[in-house]
Amino acid sequence: MSILPLEGLKVLDFCWVAVGPMTTKYLSEYGATVLRVESAKRPETLRRAGPFAGGQSGINRSGYFANYNANKYGLSIDMGHPKAPELILRIAEWADVVTENFTPGTLERWGLGYDELSRVNPRIVLFSASMLGRGGPMQTQPGFGAVLSSLAGYTNIIGWPDRGPVNPYGAYTDFVCPKFAVAAILAAVDRQRATGCGTHLDMSQLETSLHFGGPMLLDAAVNGREPELVGNRHPAASPHGAYPCAPELHSARGEPVEPSFDQLRMSGGVNTGETDRWITIAVFTDQQWAALRDEMAADGVTDAQSGEFRTFRVRKAHEDKLDGIIAGWTANHDRHELMRRLQAAGVPAGVVNDTRDLFEDAQLQHRNHFTWLDHPEMGPYATDYTESHLSATPGRLDRPAPLLGQDTEHALREIVGLSEAEYRELEEAGALE
């Protein structure tokens, strides 16, 4: 078995919810030993978030939590116990990196800020991620990714012109920030190994996520122009949208498709065996438009041949009408067949997948994107394998997410090096849950 690139890197992980666990999962996947601290008195938010295995809720049954915490060791420590800070400082002597994404000031209130950590381990790298970064009038602003999406301006640009704005899917900022976080941590570790010096990395999730709004920020700063709600449309493309396709009675593997509750409701409670299917089409050039128009004409749809759609400018002026014509055409086609046909003609097009489609996707299967792990309580579950494949040192996911506190004794005695007497004293005092 190959040696992983981060083998030997020791991480004490206080991260919770999404951005932190996603970050440390990259580290554990490439060989770092990650000791993840939790508390039974205040369980991690994602442990209480669905979906739950078998539809049965439980502190150890969250698929959301399990997806982000494979390969880690789970410790349960009562951080309110007077012996907890002393124990954490002992683990910090062992660690190379400490990670946390609490509200600024939390570690300091425990007596575990960077000054205290670096006193026992001058080489320590402390990674702190927070909503808005440390210092300033709003450093203690609480919230999750949905709040950050609003603060970063993304909620203001997503939605339809005749409706209110909406958030991007999920905790958007949590999903993009780990890529920056991992690079910063590895840079600090590289410096640590070269100089023996520690670092405190202070990451503002708001400032990190602003990088993805660069064009709209530039437009506002230079041109004084605020973006508008435009649904799926694009200022430099027409048509540009998602269009309905023929419903499918079976999945790509030929298995029956179970309709959703909303589909049953829309059909009056009758199981029709159908499910919504969509295709996206994005036309940026006149050549692409001509190809799309010819494909529609080949099926007898000639409305798009009208002069009002000849150029980009006039297509933009009549976009509602054009979208209606295209939707009427796509609705009679299988999405995969239409995608292949349009792509062959030079028209940018792609199917809209649902979750079931992702597990059946031939490309994702080829790259082993979904790794199946056997969880002691949930049974087999799928987790995301890293999107970057290193040829000489590919990452590995070989341990499921830990049960709450399942590795406390093993981690403290076998990995950190506490004696049996030291461990039993902490256990009897109630510092270990």
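Thr-280 has Gly-350 in strand E9 as its bridge partner. That pair belongs to a set of four bridges through which strand E8 (residues 278-282) and E9 run antiparallel; strands pair here if DSSP finds at least two bridges between them. Strands and helices are DSSP runs (E, at least two residues, for strands; H or I, at least four residues, for helices), numbered from the N terminus. This is a predicted model, where local features need pLDDT of at least 70 and side-chain atom pairs count only at pLDDT 80 or more, while totals for chains, interfaces and linings use all residues. Residues are numbered from 1 along each chain as its sequence is written, and side-chain values use heavy atoms, leaving out hydrogens and water.

Back to the strands: E7-E8-E9 is the order of this open, antiparallel sheet of three. Strand E7 (240-244) and strand E9 (349-352) each have a single partner strand, so one side of each is left without a neighbour in the sheet. From one strand to the next, the twist averages 25 degrees; angles run from 0 to 180 degrees between N-to-C directions, with axes fitted to C-alpha atoms, for helices over the stretch in contact. Helix H13 (residues 319-330) packs on this sheet and touches E7 and E8, at about 40 degrees to E7; contact means heavy atoms within 4.5 Å. Helix H14 (residues 335-344) lies across E8 and E9, at about 165 degrees to E9.

Now for the other sheet. Six strands make an open, parallel one, ordered E3-E2-E1-E4-E5-E6. Strand E3 (73-76) and strand E6 (199-204) are at its edges with one partner strand each, so each has a side without a neighbour in the sheet. Helix H17 (residues 408-416) lies across E2 and E3 instead, at about 110 degrees to E3.

What about the interior? The largest nonpolar core has 47 residues, and Ile-77, Ile-91 and Leu-412 have the most contacts inside it. Such a core is a set of buried Ala, Val, Leu, Ile, Met, Phe, Trp, Tyr and Cys residues joined through side-chain atoms within 4.5 Å, buried being under 20% relative accessible area with a 1.4 Å probe, protein chains only. Helix H3 (84-94) is among the contributing elements, and its six residues are the largest share.

As for confidence, pLDDT (the predictor's per-residue score, from 0 to 100) averages 92 over the protein chain. Residues 256-273 stay under 50.

Key
Buried means under 20% relative accessible area, exposed over 50%, partly exposed in between (1.4 Å probe, protein chains only).
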